[in-house]
Amino acid sequence: MGPDPATIVRAVFARRLASDASAPVAVAVSGGGDSLALLLLAADWARAADRRLLVLSVDHGLRAEGAQWSARVGAVAAGLGVDFRALSWTGGKPTTGLPAAARAARH
């Protein structure tokens, strides 16, 4: 039996993220189960690497529950003792190409 998935993810973080950098590591979290799992793993890695973690959640204004999802992410981040910023995509939304436009707005 090989290493558990959490061990694999922590090893990837260690390889790809400079543990000696002073800037926080930012992770964008939607509020779904997979992104919350990523948040837990990232927080674990950040503690072990002595790096600050900044959690970002974007309410795209496309779903009524978007603000609730961001609030849930904020509550999880607070429970983990990491920084959190709720962001909003304001203004008009395109009628076509919405996924790409939302991705561009997040970036």
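Does Val55 count as buried or exposed, and at what relative accessibility? In this predicted model, local features need pLDDT of at least 70 and side-chain atom pairs count only at pLDDT 80 or more, whereas totals for chains, interfaces and linings use all residues. Residues are numbered from 1 along each chain as its sequence is written, and side-chain values use heavy atoms, with hydrogens and water left out.

Val55 has 0% relative accessibility and therefore counts as buried, a term for under 20% relative accessible area, with exposed meaning over 50% and partly exposed in between (1.4 Å probe, protein chains only). Val55 is placed in strand 2 (residues 53-59), where strands are DSSP runs of E of at least two residues and helices runs of H or I of at least four, numbered from the N terminus. When residues up to four places away in sequence are not counted, Val55 touches, among others, Val27, Leu39, Val73 and Phe84, contact being heavy atoms within 4.5 Å.

The contact between helix 1 and helix 2 was examined next. The axes of helix 1 (residues 5-16) and helix 2 (residues 33-49) come within 10 Å and cross at roughly 60°, the axes being lines fitted to C-alpha atoms over the stretch in contact and the angles running from 0 to 180 degrees between N-to-C directions. Ala6, Val9, Arg10, Phe13 and Ala14 of helix 1 meet Leu38, Leu41, Ala42, Asp44 and Trp45 of helix 2.
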